[in-house]
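Dear colleague,

I am passing on a structure that you have not worked with before, and I would be glad if you could look through it. My notes on what was found follow below it.

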Amino acid sequence: MHHHRRFTHFFNLFCTNTPLRTLRTITPSLHLHLHLHQHHRALSFSPLHRHPPDPTPSLFKDDPIAFLSNSWVDNFRHPNATVTNLSPSFRRLDLWLLAYQKVVADDTGSYLPRSSVPSSALNDLLSLRNAVLDRRFRWGQRLKFFIKSPKDTTDYESLSKRKIKAILTTTQPTPFQDKIVQEVLLMILEPIYEARFSSKSFAFRPGRTPHTVLRVIRRSFAGYLWYMKGDLSTLLDGMKVGMVVGAVMRDVRDKLVVDLIKDALVTPVVKTEVEKPQKKKKRKYQKKRVLAEDEPKPDPYWLDTFFGFAPEEAEKVPNWGHCGILSPLLVNVCLDELDKWMEGKIKEFYVPSKSDVIWNNPEGEAEQGNTSWPEFVPTSGPDKTRKMDYIRYGGHILVGVRGPRADAASLRKQLIEFCDQKYMLKLDNESLPIEHITKGIMFLDHVLCRRVVYPTLRYTATGGKIISEKGVGTLLSVTASLKQCIKQFRKLNFLKGDRDPDPQPCFRMFHATQAHTNAQMNKFLGTMAEWYRYADNRKKIVNFCSYIVRGSLAKLYAAKYKLRSRAKVYKIGARNLSRPLKEKKGQSPEYQNLLRMGLAESIDGLKYTRLSLVPEADYTPFPSNWRPDHEKSLLEYIKLEDPKTLEEQQSSIREQGLVSPQDYISMLVWNYKRSTLPRDQLSFVKSDESTVGNQQLLVGSNQDEDDRKSNEEENDENMDAAQM
């Protein structure tokens, strides 16, 4: 009876909060439950006015991660299929709960387990989902929310008129419920578009980083003489709504999704006009600020500093209307048409030359050797292969051309026309400069240039004579820009001056201990060493960063401990600042004794204070048709699921004269049934030379002589047992 009452209670809630069309998505267990209880006539359908009960666990029995995994697999299996119905995905409450957990983690900084989600939040989440499905949801609501953040304790019903006016007219953070809807949209749309995106785009995509771009450039751009760099980053600030919606509808034609994205772009974002701050008097030292109770901790100093080193190409992150985290995906959706157009141009441009040593294959797909090696990068000329390549990182493009400059100029003209027609973006020759490799091309704060090298060539001439001689070749050099590094340090107030950079003290760490300050800067230097991992001058650039940071800390410690000069700091604290700088002699034991007793913090010395301590540049070979690990796993899984793969493997096994383990076991069983003797492969072949089928396969057995003897002894014992 109690069970019946609980089910009746939930059914009332579900019927009052869910539209009729969503009742079709009730889980099978709930359908069965309904069927078992249909003989009860006491179900009440009147709306409840008291606190609604919790949603039943049967709504959460599906695993959202498994659903999303299947979505990725299905989309990579059929990458060109148009998606028309995404409503079933939006009805999945598990997906909404996962989005809620992600947004709470971002908001509060701690993960909320599924079992710890309060029942009130589940009810609010259900009503938010229903509002989205019923088209009642509105982006950017300031006062009326379906669900609020666990941190938001404001009572919006009892606010004064002045506070309401302030909320409605000033810049406010993105509403919590908007973030949840954005997360759900991203989880559903990302696998659909990732399967369709071009391999030439690398920004705002999983598994792809600026490091990938640098490795692709080193691998594939070595033979190009002319480079064209384009800045389309104005498109990242915003595009016409019709263009964005049209780009989305090329692959997704679901009205609910299209309307949500359109409303997010159309709904105005209320912003306060920024007034110019008045100049304040500079303090000598930064005052220590106490955080408010609910205020999140700021980024640690090392991470904050490293973010300041963002290259120009990676600095701008799009944020369109109320799209939030969906904006980068929409940028790639819009610019994917440019990527596909450039891929077509690459095929058109390719003209192989048999007299050339690279890219001379008519198909153009065969591996021609690693073009980053000197012997494979000869100069360009009329008898050389015409080829081009293209790469896009966000709103920045890089095109490499091998051939006459006139061909590069013709391509530039077509590119300007395409951007004008598709994106209404007015470009000119100055915004798409064509530069020769000898000038040095800057991309992602790395300079691409050509270095002439004289490798020793060893080869075997006619008659078997080994010849060793010096050759001449050109090598593509990917070098970190020291000038750009100085510029970034100056922007972060770490140094002043260009020609003779002078480190400045980082006063933000004034109140921190020496151990903590050194640890922070070591993390920063570690990330800098990782950022410049693929630069040819990695040792030099990281050592320079270490010099600036070490000088900055020495000046800070000189001011903090009143030591007057850097030289005095280095004398007491050693070259890497690992010795304690503040010791009260006569009042406490020595630092080493305190450290041994666990009463003092161990101070780590600064990294990379000498050039020999900096790791070498990473020259690991990069595959030509590279894919991220998750895409390779998806494609491998899809291939293994295909029955044709198994057939191909079985046919190749037969052709190569091998036996699969399954066939071997089946033959053993058949031999035992036919002769009542369990024979091994060799004895079977020797005893019955006339056997048809797998005879050739069995002859190839590679068992040892000892194994054969032991098998024959076992056969004799089995024979005796059978006779008995």
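**Sheets, helices and cores**

The model contains an open sheet of three strands in the order 5-6-9, with antiparallel pairing. Please keep in mind throughout that this is a predicted model. The edges of this sheet are taken by strand 5 (441-443) and strand 9 (473-480), each of which pairs on one side only, and from one strand to the next the twist averages 35 degrees. Strand 5 is joined to strand 6 (residues 446-453) by three bridges, the two strands running antiparallel, and across this pairing M442 has V447 of strand 6 opposite. Helix 9 (residues 210-220) packs on the sheet and touches strand 5, strand 6 and strand 9, with a direction that makes about 170 degrees with that of strand 9.

A further open sheet has four strands, ordered 2-3-1-4, and its pairing is antiparallel. Strand 2 and strand 4 (434-436) are at its edges with a single partner strand each, so one side of each has no neighbour in the sheet. The twist here averages 20 degrees from one strand to the next. Strand 1 (residues 226-231) pairs with strand 4 in the antiparallel sense over three bridges, and M228 stands opposite I434 of strand 4. Helix 15 packs on this sheet, where it touches strand 1, strand 2, strand 3 and strand 4, and its direction makes about 20 degrees with that of strand 1. Helix 9, already mentioned above, also lies across strand 2 and strand 3, and runs at about 170 degrees to strand 2.

Strand 2 deserves a paragraph of its own. Seven of the seven residues of strand 2 (residues 387-393) are buried, so this strand is largely enclosed by the rest of the structure. In a regular strand, the side chains alternate between the two faces of the sheet. In strand 2, K387, D389, I391 and Y393 point one way, while M388, Y390 and R392 point the other way, and all are buried.

P404 is partly exposed, because its relative accessible area is 44%, which falls between the cut-offs of 20% and 50%. Its C-alpha atom is separated by 8.4 Å from that of R386, which is 18 residues away along the chain.

Turning to the helices, helix 18 (residues 538-560) packs against helix 19 (residues 566-573) at an angle of about 95 degrees, with their axes 8 Å apart, and the two are therefore roughly perpendicular to each other. In this contact R550, G551, A554, K555, Y557 and A558 of helix 18 meet R566, V569 and Y570 of helix 19, a set of residues that divides into five nonpolar, one polar and three charged.

Finally, the largest nonpolar core has 110 residues, and F90, W96, Y100, I180 and L189 have the most contacts inside it. Helix 8 (residues 176-194) gives the most to this core, with eleven residues. A second, separate core of 40 residues includes L525, M528, C545 and V569.

With best wishes

Technical notes. Residues numbered from 1 in each chain as written. Predicted model: local features only at pLDDT ≥ 70, side-chain atom pairs only at ≥ 80, totals over all residues. Heavy atoms only, no water. Pairing = 2+ DSSP bridges. Axes fitted to C-alpha atoms, helices over the stretch in contact; angles between N-to-C directions. Contact = heavy atoms within 4.5 Å. Buried < 20%, exposed > 50% of the residue type's maximum accessible area, 1.4 Å probe, protein only. Parallel < 35°, antiparallel > 145°, perpendicular 65-115°, else oblique. Nonpolar A, V, L, I, M, F, W, Y, C, P; charged D, E, K, R; others polar. Core = buried A, V, L, I, M, F, W, Y, C linked by side-chain atoms within 4.5 Å.
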